[in-house]
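This report describes contacts, a nonpolar core, an aromatic pair and model confidence. Please view the sequence and the structure together while reading.

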Amino acid sequence: MVWGAIAYDRRSTLIVMRGTLTGQRYVDDILRPHVGPFLNGLPGAIFHPDNARPHTARVAQDFLRHFQTLPWPARSSDLSPVEHV
C-alpha cells in the first residue's frame with residue numbers, strides 16, 4: 001500500500017507499507033506520525049480520507065476528531081485527484 005497527501009502548495013512524504021492495513025496500523029503508522037504533523041503545519045487544512053475500512057475504523061475516527069475532515073460521499077471516486085492521473 002502506498003499513502004501520500006497533497007495540499008495546495010506542498011505534499012507529504014510517500015509512505016510505503018507492506019501487509020494488511022488495519023485501523024490501528026493506519027493510526028500508528030500513518031495518521032499519528034505523518035498526517036498529524038502535516039495538517040498541523042497547514043492552518044485551516046481540511047483532511048479528506050476516503051471510505052476504506054481502516055479510514056472508517058473507530059480508532060481512526062477518534063484520532064481524526066482533532067482535525068477538520070471532509071466526508072467522502074459513497075461511490076464517489078471523482079473527488080480523488082490520484083484516480084484521474
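Ile30 is in contact (heavy atoms within 4.5 Å) with Met1, Trp3, Met17, Leu21, Arg25 and Val35, leaving aside its neighbours within four places in sequence. The model is predicted: local features need pLDDT of at least 70 and side-chain atom pairs count only at pLDDT 80 or more, while totals for chains, interfaces and linings use all residues. Residues are numbered from 1 along each chain as its sequence is written, and side-chain values use heavy atoms, with hydrogens and water left out.

Ile30 also belongs to the largest nonpolar core, which has 18 residues; Trp3, Tyr26, Ile30, Leu31, Val35 and Phe47 touch the most other members. A nonpolar core is a set of buried Ala, Val, Leu, Ile, Met, Phe, Trp, Tyr and Cys residues joined through side-chain atoms within 4.5 Å.

The structure holds one aromatic pair. Phe63 and Phe67 form this tilted pair, at 5.7 Å centre to centre and 35° between the planes. Ring centres of Phe, Tyr and Trp (its six-membered ring) must lie within 6.5 Å; planes under 30 degrees apart count as stacked, over 60 as edge-to-face and the rest as tilted. Both partners are buried (under 20% relative accessible area; exposed is over 50%, partly exposed in between; 1.4 Å probe, protein chains only).

| Residue | Relative accessible area |
|---|---|
| Phe63 | 14% |
| Phe67 | 17% |

The chain averages a pLDDT (the predictor's confidence in each residue, from 0 to 100) of 86.
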